[in-house]
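Student: I would like to learn how to read charged side-chain pairs in a model. Could we work through one case at a time?

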Amino acid sequence: MSDLTPRTAGDPGVPAPRRRKLLPIIVLGLVLVAGGVIVTQFLRSAVDYYCNVDEIGERSGCDADRRLRLQGVVERGTVVSEAGDTAFDITFNDATVSVFYNGEPGGIFKECIPVVVHGNFDSATDTFLGDRVEVKHSDEYVAVNDERLTEADDLADECDTGSV
């Protein structure tokens with residue numbers, strides 16, 4: 001038969017009440033803090049501010065010490081391709097920035113065309129180091145090929161009326 005009489009804390013032979021172990025709580029706290037730091041850093045790096053060349057250092061978020069998407073027009077006579085790298089200047093509202101791109105932009109990249117360059121500034125040279133170049137294309141394809149569309153519509157009309 002068991003002894004069911006109540007015991008006091010000072011009774012010898014009675015184990016002290018269990019304390020919560022601090023180690024799991026500390027580990028859980030560290031994991032939460034580390035997760036918060038990682039998420040915060042990911043969100044900060046995922047947001048690239050979109051700035052025109054003339055807004056560098058002028059508009060909030062367009063600071064030269066952060067990653068940017070820089071928009072401007074490739075200045076005539078500044079494109080230099082050498083050993084697989086490309087350097088050029090982009091301008092917008094009378095402001096100019098020198099760009100160094102590690103590669104060939106490819107596609108329809110050329111002088112006098114609007115571009116958006118992703119990257120950041122090299123603080124030592126004030127050159128924008130681009131790692132991605134996006135080129136805005138125009139809608140000239142449709143305008144140039146209006147004759148083809150008209151010709152196709154005429155053929156469709158002739159086919160529909162049976163005059164072919």
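Student: Is E55 buried or exposed?

Tutor: This is a predicted model, and the values are computed from it. The cut-off for buried is under 20% relative accessible area. E55 has 18%, so this residue is buried.

Student: Which residue does E55 meet in a salt bridge?

Tutor: The partner is R59, with 3.2 Å from N to O. R59 has a relative accessible area of 35%, so this side is partly exposed.

Student: How many salt bridges does a search of the whole structure find?

Tutor: Three. One of them joins D131 and R67, whose closest N and O atoms are 2.9 Å apart.

Student: Where do D131 and R67 lie?

Tutor: D131 is in strand β7, residues 127-135, while R67 is in the loop between β1 (49-52) and β2 (68-74). The two parts are 64 residues apart in sequence, so the pair ties them together.

Student: Which residue forms a salt bridge with E134?

Tutor: R132 does, and the closest N and O atoms of that pair are 2.9 Å apart. To read the setting, take each residue in turn. E134 is partly exposed, with 31% relative accessible area. R132 is partly exposed as well, with 46%.

Definitions and conventions: Residues numbered from 1 in each chain as written. Predicted model: local features only at pLDDT ≥ 70, side-chain atom pairs only at ≥ 80, totals over all residues. Heavy atoms only, no water. Salt bridge = Lys/Arg side-chain N within 4 Å of Asp/Glu carboxyl O. Buried < 20%, exposed > 50% of the residue type's maximum accessible area, 1.4 Å probe, protein only. Helix = DSSP H or I, 4+ residues; strand = E, 2+ residues; numbered from the N terminus.
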